[in-house]
Amino acid sequence: MPPPGPVQEKIAMPGVKNVVAVASGKGGVGKSTVATNLALALHMLGRRVGLLDADIYGPSIPIMMGVSEVFDPNTTQFPLDRYGIKLMSMGFVVKPETAMIWRGPMVHKYITAFLTQINWGELDYLVIDLPPGTGDAQLTLTQTAPLSGAVIVTTPQEVSLIDARKGLEMFNQVRVPVIGIVENMSYFVSGDGKRHEIFGHGGGKKLAQETGVPFLGEIPMDPDIVKCGDSGDPIVHKLPDSPIAKTYLSLATLVSEQVTKSSNAAAELPTLQL
Amino acid sequence: MPVADLRPVALKKDGDDRLTIEWSDGHRSSYLWTHLRSHCPCAGCKGEHEQPPDPFRILKPTELEPLKPVSISPIGHYAYKIVWSDGHDSGLFTLEHLRALCQCPDCVKKKP
């Protein structure tokens, strides 16, 4: 895919009411699963929703949303539409086996292009699935995109919380409101109804209390989440009456409420013409 | 109000040589543009500040003209970027940094 045009400094997205980043410090905590199911849950609540996969190096959204083709960007109208969600991902324009061996400026260009050169139309929420860490993709988005807030995903164990704290600190430093913390893979309920806390207990809640941000809930481990994600039909869409889907609907409701509350903190800075 | 909660409510040009920022706590900061440039937080300027001056540095033609700001624009929710007449544009002035650089008589008195 040829590099997009010149880099824009400040992105205006007049048709998009709220831009919500789903982030974590650490990889493998289920950001893409949470972002995908949160987007679908917001859609189930009647909102118009887009999902942007900002993980340029390892996009997961195509497989989770059941898009296995690679499209020619010269002849394809992006964003795609799946299950009522508008979608964009690097995985739609490069083959899954292609390694994107890029430095930061290229990541910056493509993320900016995904935000500005794609007609997202009228959306209530654009959910952005961020890659792990506090690097180029995160900086580009916090500097250029009109972010309403960020949802931090963590798993309960300390090794994940350490990195989640760094993610939180990054958003604090760049003054993006943290909507709250979601604890993913919180527990597993076995066939006999017993609850197993495989990765420990209460880490996400503890981090929320320490940092003074809302705790948005616990999402259990469930083989159905994996099966649905791998088959391209996320659990909120495939099994909307399942307890997990209901957890995601509560999460979507809480995110909507918190975004409304934090809209003042995310107000644009004043400008000056010289 | 903690500095992290402060935000500018208005930016104004004060003559040719000054910038004024009105903050959410009612404070009014005043800066000479040259003061801001000499406290540019970019890596290049910070590195330059920490090194002894190079006596053999050759000035560019734009450096001989009086330095002035060309534009000042917000970066995300947390900083401003100033583009200068000599083309320098890599400094992101965070809100905390701008507040700390305030040159109003009250703030100047409080500085050690």
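A residue counts as buried when 20 or more other C-beta atoms lie within 10 Å of its own, as exposed when there are 12 or fewer, and as partly exposed in between, with C-beta atoms placed from the backbone. Keep that in mind for strand β5 of chain A, residues 123–129: six of its seven residues are buried, so this strand is largely enclosed by the rest of the structure.

Before going further, a word on what you are looking at. This is a predicted model, in which local features need pLDDT of at least 70 and side-chain atom pairs count only at pLDDT 80 or more, while totals for chains, interfaces and linings use all residues. Residues are numbered from 1 along each chain as its sequence is written, and chains are lettered from A and ligands numbered from 1 in the order in which they are written.

Let's stay with β5(A) for a moment. Helices (H or I, at least four residues) and strands (E, at least two) are DSSP runs, numbered from the N terminus, and two strands pair if DSSP finds at least two bridges between them. Strand β1 of chain A, residues 16–23, pairs with β5(A) in the parallel sense over six bridges. Here Ala21(A) has Ile128(A) as its bridge partner in β5(A). Strand β2 of chain A, residues 49–53, also runs parallel to β5(A), and five bridges join them. In that pairing, Val49(A) is partnered by Tyr125(A) of β5(A).

Now zoom in on one residue of β5(A), Leu123(A). Why does Leu123(A) count as buried? Because it has 20 C-beta neighbours inside 10 Å. Take contact to mean that the C-beta atoms of two residues, placed from the backbone, lie within 7 Å. Leaving aside neighbours within four places in sequence, Leu123(A) is in contact with Gly15(A), Val16(A), Lys17(A), Arg48(A), Val49(A), Gly50(A) and Lys86(A). Val16(A) sits 107 residues away from Leu123(A) along the chain, yet their C-alpha atoms are separated by 4.7 Å.

Over to chain B, which has five helices and six strands. Read from the N terminus, its elements go β-β-β-α-α-α-β-β-β-α-α. The C-alpha trace of chain B spans about 45 × 30 × 30 Å along its principal axes. Of its 112 residues, 18% are buried.

Start with the strands β1(B) and β2(B), residues 18–23, which run antiparallel and are joined by six bridges. Pro8(B) stands opposite Trp23(B) of β2(B). The hairpin of these strands has three residues between them, and Gly15(B) takes a positive phi near 65° there.

Further along chain B, three strands form an open sheet in the order β4-β5-β6, with antiparallel pairing. Its edge strands are β4 (69–75) and β6 (92–94), each of which pairs on one side only. Three bridges join β5(B), residues 79–84, to β6(B), and Ala79(B) stands opposite Thr94(B) in β6(B).

Finally, where do the chains meet? Their contact takes 17 residues from chain B and 15 residues from chain A. On the chain B side, the elements that give two or more residues are β1 (8–14) and β4. Of the elements there, β4(B) gives the most, with seven residues. By class, the chain B side has ten nonpolar, four polar and three charged residues; Ala, Val, Leu, Ile, Met, Phe, Trp, Tyr, Cys and Pro count as nonpolar, Asp, Glu, Lys and Arg as charged, and the others, Gly among them, as polar.
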